[in-house]
Amino acid sequence: MIRKTFWFVCLFLGFLFSIIPGLTAAKEQIVYVVPIKDTVEKGLNEFLDRAISTAEKDRAAAIIFEIDTPGGAVDAAAKIGKRISESSVKTVSYINQDAISAGSFIALNTDEIYMQEGSRMGAAGVIDGAGNAADEKAQSYWISAMRGAAEKHGRDPIYAMAMADKSISLPKLGAPAGKFLTLTSTQSLEVGYSEGTVHNFQEVLEKLNLENAEIKEVKEGFADKVARFVTNPYVVPLLLSIGSIGLIVELYSPGLGLAGFAGISSLLLFFYGHLVSGLTGYESIILFVIGLGLIILEFFIAGGLAGILGSIAIIASLFLASSNVVHMGISILIAIVTSILAAIIMVKVLGRKMKFFKKMILTDSTSTESGYVSNKTRIDLVGKVGITITALRPAGTVELEGERIDVVSEGNFIEKDKKVKIIKAEGSKIVVRSLKEDEQ
């Protein structure tokens, strides 16, 4: 009886220990699905970093990046590719439409690539903001980055380099010299850039043996979408221009109006987006507020030092919030030019005056037109005769009808105790002339 009980306990424990690994394995079968859509910009980097970190904490079996992008900023793609390649979790690209330019670089940094039938990847040439080919230094860096991404994951680098270097000729793949390489799903499979061509996402899971895994979709929140939009290199100069124009127009308008609200909102959006995307911290916002305070202080104190320091602080805060000095410099220049044009239009075309300064500057005048008179004009004295009680050289004093009056001669010297005739009175100036003997 004891022996039977012993064997029964042993069999039960054996069965229990045999299913524990299975339960543990099943519990670890979590797949994170992360979308990479639209333009690749700096705001996307922070979103993907959070998604990858979450998957790593959950010890996910894989992270599948669902890619459909026309490309974007090279510097943003470089950071994203580095973060993906360093992840401790298996990374997979599922290209369901296009992985063009920066999108192809991101895909090459994942462990495996699966492409939906009819999708494409490649055409990764570097262009500047004007749509022209970038300089030789930038192109060399990008070609090297594409090559490194391919080599790191055991892919033939020639195809990655051909995607970024049009001098490489691959006519059999539709990319002769002078044309960037773009691979179709079929071509990618042939050259080893894809682990398989699929019809849908479920087939990707089946090929990874994760069809029974728990799927966790990571979606962009409102803050992530705002950050991606605001950090777009084409949106930054627009926001700064609206901000500067709004504040300029507000200086010519009474109270806080629509222009001022739009200007402040644009600047807040700029800093909010860069803060959420992880490109800056609160130090740039604090520096901007200090700069704004110094400029306002300049209205109340003389010297100009506070205004200069305030302008420097504001410009420095904008550069501090951006990781690309060139793009930010261009954006600030555009904002300055547009604000100057707005000021000229307000003054020259619309004839506006700054309402803001009216509260700080005395604009009232004591002019004659306003009814003010500085001195009473003694027209009643013209034609009368008085006696000089001081010599006129040419100014002096005359006594007239018991009143001492300050006068000036026509220019000649007149001795004391001489009779003079008042010939003109203009305000406080009374002009006299010496009387001749016949006039006396």
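Two strands count as paired if DSSP finds at least two bridges between them. The exercises below use this rule on a predicted model.

**Exercise 1.** Decide from the number of bridges how strand 9 and strand 12 are related, and find where this pairing sits in the sheet.

*Solution.* Begin with the two segments, which are strand 9 at residues 385–388 and strand 12 at residues 419–426. Between them there are 3 bridges, and the rule asks for at least two, so strands 9 and 12 pair. Their directions are antiparallel, and within this arrangement isoleucine 387 stands opposite lysine 419 of strand 12. Now widen the view to the sheet, in which 5 strands close into a barrel in the order 9-10-11-13-12, with mixed pairing. On average, neighbouring strands of this sheet are turned by 55 degrees against each other, direction ignored.

**Exercise 2.** Classify the aromatic pair of phenylalanine 105 and tryptophan 142 from its geometry, and explain which parts of the chain it ties together.

*Solution.* A search of the whole structure finds 5 aromatic pairs. In the one formed by phenylalanine 105 and tryptophan 142, the ring centres lie 4.9 Å apart and the planes make an angle of 45 degrees. Planes under 30 degrees apart would count as stacked and those over 60 as edge-to-face, so the remaining angles are called tilted, and tilted is the class of this pair. Next, locate the two residues: phenylalanine 105 belongs to helix 4 (residues 102–108) and tryptophan 142 to helix 5 (residues 136–152), so the pair ties together parts that are 37 residues apart in sequence. Finally, consider the cover: because buried means under 20% relative accessible area, phenylalanine 105 at 6% counts as buried, and tryptophan 142 at 1% is buried too.

Conventions
Residues numbered from 1 in each chain as written. Predicted model: local features only at pLDDT ≥ 70, side-chain atom pairs only at ≥ 80, totals over all residues. Heavy atoms only, no water. Helix = DSSP H or I, 4+ residues; strand = E, 2+ residues; numbered from the N terminus. Axes fitted to C-alpha atoms, helices over the stretch in contact; angles between N-to-C directions. Phe/Tyr/Trp six-rings, centres within 6.5 Å; stacked < 30°, edge-to-face > 60°. Buried < 20%, exposed > 50% of the residue type's maximum accessible area, 1.4 Å probe, protein only.
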